[in-house]
Amino acid sequence: MQPLQGWKAVDMSAKLVDMQSGLEIVLDKPVVSIGRHADNDVCVPLLRVSRYHAEVRYEDGGWVLEDHGSTYGTFVNGTHVVGTACLKDGDKIRLGSAPGSEAPHHTFSFIDGEPESSLAEQIKAGVRKVMGSGRLDAGRVVFERKGALLIARLSGVFRRKECDAFLVSLREEEGDKCSDLALDLSNVECMNSYSLAALMELGARLKEEGFTLRAVGARNTVLRLLYLAGSQSPIDICDGWDGLI
C-alpha cells in the first residue's frame, strides 16, 4: 500500500529512539529504511541485522513497521513481526534476535509524539488536580499526592519535550503550594543530559525553598546520569520508598 498523498500535513513529531545510544531519529519522510547497509536511512552496523532489514512507513493515518524477510527477525514488544505491524507510542522494536536470547540485537523505541502544547496541557491538568489530593494518569506522568509529598511517576523515554512540559506545568500550577517532590524513575528507559540538567535546576530551586526532590527507582543509564552530579547534587537518590510514604 502506498503512503497517503497528504502525508506532509501530518505533525512530524514521530521518532525512533535508539535505546543503545539515546539518539533520536525523526521520521521526516513517508518511508524510513532500517538495515546494516550504509545507504539505509537508519544504519545499524550489526551482523545479525540484515542489509535491508525493515522499514517504518506512514500510511492510512499511522505508522507501520514492515520486516523485509530478515534472517534473524524483527520483534515489536516481544512479538515476531511477519509482514507488517502497526506501531503505537512506546512500542519497542528489536532487531536481530528474539527477546530472551543472549544473541546480539538492537532496540529502538517508537515515539508517536504529541504536539508540545497538547502534552503540556495534559500534564498541567494532572498537576492542578492532585495539588489538593488524589491520583491522576496524564500519559507518561502519573501524579499522586501522599500527604505532604507529591509523587510524579515517569515512564518511557523522558527527553527534552517531556521534561519541558513537566517543568513548565509545575512552575505554572504549584504557586504557593510547593511541596516535597518524589520522582519515580523505575519505568524510565532513557533520559538525556538535558533532562538531567533541568531536574537538577528544579532540585536546587526546591532546596532553596526548604523542600526536597528525591529520585526513586532509577536504574541503568538514568542512575549513572544521576550519580554523575556527585555529592553536591540537589536530588536525593533513594533505593526504595521506605520512610517516604
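Leucine 95 stands opposite histidine 106 in E11. Let me set the ground rules. This is a predicted model: local features need pLDDT of at least 70, side-chain atom pairs count only at pLDDT 80 or more, and totals for chains, interfaces and linings use all residues. Residues are numbered from 1 along each chain as its sequence is written, and side-chain values use heavy atoms, with hydrogens and water left out.

Back to the pairing. Strand E10 (residues 92–95) runs antiparallel to strand E11 (residues 106–112), over four bridges. Strands are DSSP runs of E, at least two residues, and helices are runs of H or I, at least four residues, both numbered from the N terminus. Pairing takes at least two DSSP bridges between two strands.

Now the whole sheet. It is open, with six strands in the order E2-E1-E11-E10-E7-E8, paired antiparallel. Strand E2 (24–26) and strand E8 (79–80) are the edges; each has a single partner strand, so one side of each lacks a neighbour in the sheet.

Next, glutamate 66. You'll find glutamate 66 in strand E6 (residues 62–67). Its relative accessible area is 24%, so glutamate 66 is partly exposed. That class lies between buried, under 20%, and exposed, over 50% (1.4 Å probe, protein chains only). What joins the side chains of glutamate 66 and arginine 57? A polar contact of 2.4 Å. That term means N or O atoms within 3.5 Å, where within protein one must be able to donate a hydrogen and the other to accept it; residues adjacent in sequence count only if both atoms are side-chain atoms.

Last, the overall count: the protein chain has four helices and 17 strands. Of its 245 residues, 47% count as buried.
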